[in-house]
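Have a go at each one before you read its solution.

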Amino acid sequence: MLKGKKILIGITGSIAAYKVPFIIRLLKKAGAEVQVIMTPMACDFVTPLTLSTLTERPVLVNFFDKGDGSWHSHVDLGLWADVYLLAPVSANTMAKMAAGIADNLLLTTVLSARCPLFFAPAMDLDMYQHPTTQDNIKRLQEYGYELIEPTQGELASGLHGFGRLEEPEVIFQRILGFFDQNRPLAGKKCLVTAGPTYEPIDPVRFIGNHSTGLMGIEVAKALADLGAEVQLVLGPSSIQLDNSIINVTRVTTSGEMLEACNKNFDSSDITVMAAAVADFRPVVLSDKKMKKSNMVHSLEVEPTTDILATLGKRKQNHQLLIGFALETDDEVAHATGKLTSKNLDMVVLNSLNDAGAGFGHATNKISLLTRNNDPVVFPLKSKKEVARDIVNAIIALKEIPKG
Ligand code: CTP
């Protein structure tokens, strides 16, 4: 559920800090990466050793490590996190946050974090009800920080009232809920192909093309960012994927790509075929290097299976199938032909006539073709932005199946 999500937890000096290991366990079980920052006083309530064992990361308290002199950058931490959860947050830390004070690593990171921040106060009931505390909470909410209200019950002081840290399961659900809102594709399975295929002639030569795989990889990432479970079938590409939330199957030939697609297509809600599959392969694969004098006279080739058309034939109504078309002339007519002949829901059209589009560029210029609609033409953009446009258009297609 939270695979690939990065959660920063800030712990302040409150007895409720003993509940944080339970929150961490829930987040880790859901697949999140968790980094803990503590105020010096928090270390008296729960040991950094417990927290670093659970998170599998060193716990950060100071601006730098006195042992090896390494600097803990609050800027890097703030940029790393998808969410910053302060739990438990004391009246003192909230007062400092409201005033913009940054006298420890936890607070400095509050100021530099760009991600959404949740704060879960915990304290004695009189401290919680004090007008200063209530004013500070209001001010923090005005800054856009999300309050996870404390609950009522018996407090560590023996008094009864509001001030108990919300239960770990409820805090976990709030974090989960936040990610779900931003994940319209949660529960959807997606299959994406990317890269070229190489069709071997002999041990040293192959038939292939200039595709780098970048466009398809960006589409896979954009789908995963919106919550989809993505299976990427990637041809020979030199791009190293640093994205742990995408399942990657590496293939070399069109035959291997076909096999991987056949295996995954039936369970896939959305399939995007961005690979530049080689159209021909040698009829005979020589196990020895062929002499060029023999090759000049005959290199017999046969068409590869059109993977997209094969999947189009067995596509069910609840599935969406998106293909790419790379054209040099009569672009819209040819791409529209592929929309119907391959039984697709959308075609992403690239024209090699557009500067900065197609293979080997960091940018692309596309038109999106859907049935019975005029093509939607997009300006030249980075492939990451183009991928987002494609995924937004997929979401806008009415027939997105239920996950
Ligand atoms: N495709 C495929 N299997 C092939 C060839 C192409 O799955 N053997 C898919 C590509 O992934 C792409 C789409 O078909 O999504 C269009 O590829 P393109 O090369 O533009 O078109 P072709 O159908 O091969 O037609 P042509 O080369 O005649 O334009």
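**Around the ligand**

Keep in mind that this is a predicted model.

**Exercise 1.** Find which residue has a side-chain N or O atom 3.3 Å from an oxygen atom of the ligand.

*Solution.* Start at the side chains: it's Asp279 that places an N or O atom 3.3 Å from a ligand oxygen. Next, check the backbone. A polar backbone atom of Met273 sits 2.7 Å from an oxygen atom of the ligand, and a backbone N or O atom of Ala275 is also 2.7 Å from a ligand oxygen. Then look at cover: on its own the ligand has 570 Å² of accessible area, and the protein covers 76% of that. Finally, take in the surroundings: 15 residues surround the ligand, with Met273, Ala275, Leu308, Phe324 and Lys342 the closest.

**Exercise 2.** Work out which element gives the largest share of the largest nonpolar core.

*Solution.* First, get your bearings: this core holds 36 residues, and Leu223, Val230, Val272 and Ile390 touch the most other members. Now list the suppliers. Those giving at least two residues each include β8 (189-194), α9 (214-225), β13 (270-273) and α14 (383-396). Of the suppliers, α9 gives the largest share, seven residues.

**Exercise 3.** List what Val272 is in contact with, skipping its neighbours within four places in sequence.

Key:
Residues numbered from 1 in each chain as written. Predicted model: local features only at pLDDT ≥ 70, side-chain atom pairs only at ≥ 80, totals over all residues. Heavy atoms only, no water. Core = buried A, V, L, I, M, F, W, Y, C linked by side-chain atoms within 4.5 Å. Buried < 20%, exposed > 50% of the residue type's maximum accessible area, 1.4 Å probe, protein only. Helix = DSSP H or I, 4+ residues; strand = E, 2+ residues; numbered from the N terminus. Contact = heavy atoms within 4.5 Å. Near = heavy atom within 4 Å. Polar contact = N/O pair within 3.5 Å; in protein donor to acceptor, adjacent residues only side chain to side chain. Areas by Shrake-Rupley, 256 points an atom, 1.4 Å probe, with all protein chains shown as cover.
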